[in-house]
Structures are given as structure tokens and as C-alpha cells.
Amino acid sequence: MQRPNIIYIVSDDLGYADLGCYGGREAPFGAVSPNIDRLAAGGMKFTQGYANSPVCSPTRFALMTMRYQYRLRGALEEPISSKSKGDARLGLPPEIPTLPSLLRDAGYHTALIGKWHLGYPPAFGPQRSGYEEFFGIMAGGVDYFTHCSSKGDHDLYLGEDEHMEVGYLTDVFSKRAVDHIHRMAPDAKAGQPFFLSLHYTAPHWPWETRDDAHIAPEVAKNLFHLDGGNIHSYRKMIHHMDEGIGWVMDALRQHGLADNTLVVFTSDNGGERFSDNWPLVGGKMDLTEGGIRVPWIAHWPAAIPAGTTSTQHCMTMDWSATMLELGGGQPHPDYPLDGVSLQGVLRDPAASFERPLYWRMNHRQQRALRLGDWKYLKVDQHEYLFNLPADERERANLAAREPQRLAQMRDAWLAWDQTVMPIPTDAGVSLGYSYADMPQR
């Protein structure tokens with residue numbers, strides 16, 4: 001089979017149940033995510049898929065390197081702050097092999113449209129790590145109209161040059177992605193595929209829909225937008241992103257490329273303050289399920305059976321490893337992958353394999369291990385053991401009932417922790433808000 005074009009769509013802070021295909025409710029205006037729901041209906045939906053971290057930039061390190069993010073100093077920030085601009089330590093080092101660099105070496109056109117959040121030039125940048133083209137933001141979040149970061153700096157780039165463009169950021173990214181597909185189509189039809197990372201900021205704060213340009217001057221003082229937003233504007237932000245994904249799929253169909261294009265949709269971590277994570281508990285910054293279990297949808301009509309569901313356990317770096325294998329790229333021998341390819345599962349939804357998944361957070365000294373039906377969790381000084389098929393809300397702590405299993409999983413986590421970098425004392429944790437700003441979950 002001809003190698004597929006690949007579009008890796010990453011939303012930002014999307015909750016597990018925000019989408020219709022994951023049980024989300026309709027909004028007053030109608031279906032929130034009809035185009036993404038169609039991707040799921042025409043492909044495969046994963047119900048036990050995870051992000052590598054419950055916060056954005058660490059997950060993106062794993063996405064790029066196909067390795068546990070804890071192997072690189074920059075990924076130990078939770079997350080990288082816009083205050084780190086100019087810091088030559090905090091970012092993705094250009095010498096590290098990445099999914100785009102290895103696919104580029106395998107003959108793909110590579111581009112990132114959207115959010116980078118892996119360090120600033122001149123030390124770091126998308127085009128220093130394998131993307132031939134870049135249009136988007138370097139920071140973790142910007143205003144949707146002024147395109148300024150929380151520092152007040154204008155943060156929209158074409159390559160490494162500042163770029164001024166009028167428009168609502170979600171639409172700007174979607175339209176740029178459509179233009180990119182039009183440009184790539186002739187080569188794709190001739191046998192040279194493309195890899196497009198389309199990394200939205202939606203539905204990340206500030207809480208601005210297309211109709212909220214008047215909010216921008218006020219939000220500029222604090223992009224966390226602590227005194228604004230609601231579930232209605234939040235759902236509309238998701239819907240704007242969904243419309244753009246519809247435009248992208250229309251462009252693929254226009255050029256006859258939809259059948260042999262792998263489109264993967266996910267979120268960089270669990271939902272934030274207005275999200276719906278049902279039936280999960282917690283959200284962004286938490287290693288409870290609501291912070292790390294996220295939607296994973298794969299659409300590739302030429303290879304993936306339509307309307308299928310998989311319960312395979314997987315995380316961000318596994319999907320990147322899958323794309324590398326499907327694209328014919330080869331891992332660098334000095335940087336063996338931690339990610340495991342899911343190619344067999346994509347072709348046969350009944351296929352599955354055991355996949356232990358490990359997490360660690362500086363914030364609240366959290367640790368977690370998912371192994372089969374069981375999850376070991378530590379938050380602050382408290383340890384928990386959950387049987388997730390029976391208790392997805394992680395309310396029934398079985399640690400006292402199953403002390404041997406708890407000890408075994410704790411020991412496995414401690415052994416794994418010895419294989420990655422220790423957390424340095426100067427690693428940052430940036431929460432942005434506290435319980436003084438809103439009640440506890």
C-alpha cells in the first residue's frame with residue numbers, strides 16, 4: 001500500500017466527554033463536534049487512550065520524540081512558561097531526532113500549523129526539529145484576536161519571522177491548513193506524501209469565540225481570563241475548531257486524498273475549568289483519569305475499518321511511533337523509542353497487547369501506573385489503588401484490600417522512575433490560578 005499522508009490534529013485542554021462521539025451533550029446551538037464525530041464514525045475510536053502528561057508542553061515533548069518526556073530537561077517544566085523566552089535550557093534540543101525529522105528523512109513534506117510550545121528561537125524552534133514549514137505560535141497560549149502571549153508579546157510566526165495576520169486564531173490555523181493541503185496535493189498524488197501537524201490552541205483559555213473580539217483588550221491583562229468564560233463560549237470554541245476540521249476534510253476529498261490520509265485527533269491533556277470529563281474525575285495538572293485520559297480518533301479509510309472502537313491502552317508517544325512506522329521512518333539507534341506502534345490495532349480493532357503506562361508530576365508529587373485493569377496513583381503523600389473497569393471515577397481505594405498488588409505496582413513505578421531524569425529543584429510548576437480563584441473540584 002502507498003504510504004499515507006498524515007495529519008496529526010491536537011486540541012488543547014479538551015475534556016474526555018466534550019465531543020459528541022464520547023458522550024458529550026448537544027449545546028443550545030446543536031451538535032458541538034459533528035465533523036470530529038464523523039471522523040470517529042468513519043474510523044476508530046479509542047476509549048482507553050491517554051496523554052503523556054496532564055499538562056501541555058511535556059506531552060508535546062513526548063509527541064515529538066516518541067520517548068518519555070522525562071528524558072529531557074525542558075519537559076520537566078509543568079509547563080514551559082512564556083517567561084522562559086531566551087532560556088537556552090528549556091526547549092526541545094535540535095539534535096534530538098523527532099517524528100517530523102525522521103519522516104522528512106523518509107521523504108515526507110513536513111509542516112506544523114499551530115502551537116509549538118517547546119522553547120523559543122534561537123535555541124529551539126519547529127524548523128530546527130524537523131518541520132520544513134511552520135506557521136503558528138511559540139508560546140503556550142495567546143489571545144485569539146491580538147495573537148499576543150501572556151507576556152504581552154506578539155506571538156504569531158511564519159517560520160521564525162513575526163507575522164501579522166488579522167483573524168480569529170482557530171480559523172486562521174484552519175484556513176492555513178486548507179491552503180497547505182492544496183499546495184501539497186500535486187506531490188501527494190505523484191507519490192510524495194505529506195505530514196501535517198495541526199495543533200490548535202482551542203479550547204484553551206482565554207474564553208473567546210469568533211464573536212468576542214471586544215473582550216481582547218481586557219483579557220490582555222490576564223490571559224487566564226479568571227473572571228470570564230462559561231460552558232456556552234467554551235463549547236462554541238470547540239465548535240469553531242470542529243468547523244475548521246470539516247474544511248480540512250473537504251480539502252482532502254476535493255483532491256481525492258481522503259482515503260489514503262491518516263487523520264488522528266486528540267488532546268494534549270485532560271480538560272480544564274469548563275470541560276466535561278464524565279465519568280472521570282480531575283482535569284489538567286492531575287494524574288487522576290480526567291487529567292490524562294483523552295479522546296483518540298483515527299480515520300484512514302484505506303486501512304482502518306469504519307465505525308470501530310478499541311480498548312487498547314496507549315498514550316501520545318505510541319501514536320507518534322505508529323506514524324513513524326506507517327511512514328517508513330526509522331528510529332535513531334542512539335534514541336530508542338519508548339512509544340509502541342499501534343499499526344496492528346488500527347487494522348484489527350480486536351487486536352490488543354499489554355501496555356504499561358507510567359506518569360510522574362512534580363506538582364503535588366504525583367505518580368501513576370496503568371497496568372491492565374489496575375491503576376496505582378500517588379498524590380501528595382497518599383497512595384491509591386483502583387480497578388478502573390469497575391471504578392473509572394477512582395472513588396473506591398483498594399490499597400488496603402490488595403496490599404500485595406499495591407506493593408508490586410509501587411515497586412514497578414519506582415524501578416521505572418530510575419530510568420528517567422530526576423526532577424531538578426529549579427523545575428517550575430505554573431498553575432495560573434488557585435482555589436482562591438475558583439472552588440475545588
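# Exercises on a predicted model

T65 lies in helix 2.

## Exercise 1: T65

Decide whether T65 is buried or exposed, and find which residues it is in contact with beyond its neighbours in sequence.

*Solution.* Start with accessibility. The relative accessibility of T65 is 4%, and buried means under 20%, so T65 counts as buried. Next, look around the residue, leaving aside neighbours within four places in sequence. T65 is then in contact with L72, L92, I96, P97 and L337.

## Exercise 2: R60

Locate R60, state whether it is buried or exposed, and find which side chain its own side chain makes a polar contact with.

*Solution.* First, the location: R60 belongs to helix 2, which covers residues 56-65. Third, the contacts. Not counting residues up to four places away in sequence, R60 touches V10, S11, D12, K115, W116, H117, L118, H199 and D268. Take V10 from that set: R60 and V10 are 50 residues apart along the chain, and their C-alpha atoms are separated by 9.7 Å. Finally, pick out the polar partner. The side chain of R60 makes a polar contact with the side chain of D268, at 2.9 Å.

## Exercise 3: A network of salt bridges

Find which residues are linked with R73 in a network of salt bridges, then describe two of the pairs.

*Solution.* The structure holds 29 salt bridges, and the network in question links R73, E77, D87, R89 and D426.

Now take the pair R73 and E77. Their closest N and O atoms are 3.0 Å apart. Both R73 and E77 are buried.

Then turn to D426 and R89, which form a salt bridge with closest N and O atoms 3.2 Å apart. This pair links distant parts of the chain: D426 is in the segment after helix 10 (403-417), while R89 is in the loop between helix 2 and helix 3 (99-105), 337 residues apart. Check the accessibility of each partner. D426 has 46% relative accessibility and so counts as partly exposed; R89, at 42%, counts as partly exposed.

## Exercise 4: D417 and R360

Work out where D417 and R360 lie, and whether each is buried or exposed.

*Solution.* Begin with the bond itself: D417 and R360 form a salt bridge, with the closest N and O atoms 2.9 Å apart. The pair links distant parts of the chain, as D417 is in helix 10 and R360 is in strand 13 (residues 357-361), 57 residues apart. Now apply the cut-off for buried, which is under 20% relative accessible area. D417 has a value of 18%, so it is buried. R360 is at 6% relative accessibility, so R360 counts as buried.

Methods: Residues numbered from 1 in each chain as written. Predicted model: local features only at pLDDT ≥ 70, side-chain atom pairs only at ≥ 80, totals over all residues. Heavy atoms only, no water. Helix = DSSP H or I, 4+ residues; strand = E, 2+ residues; numbered from the N terminus. Contact = heavy atoms within 4.5 Å. Polar contact = N/O pair within 3.5 Å; in protein donor to acceptor, adjacent residues only side chain to side chain. Buried < 20%, exposed > 50% of the residue type's maximum accessible area, 1.4 Å probe, protein only. Salt bridge = Lys/Arg side-chain N within 4 Å of Asp/Glu carboxyl O.
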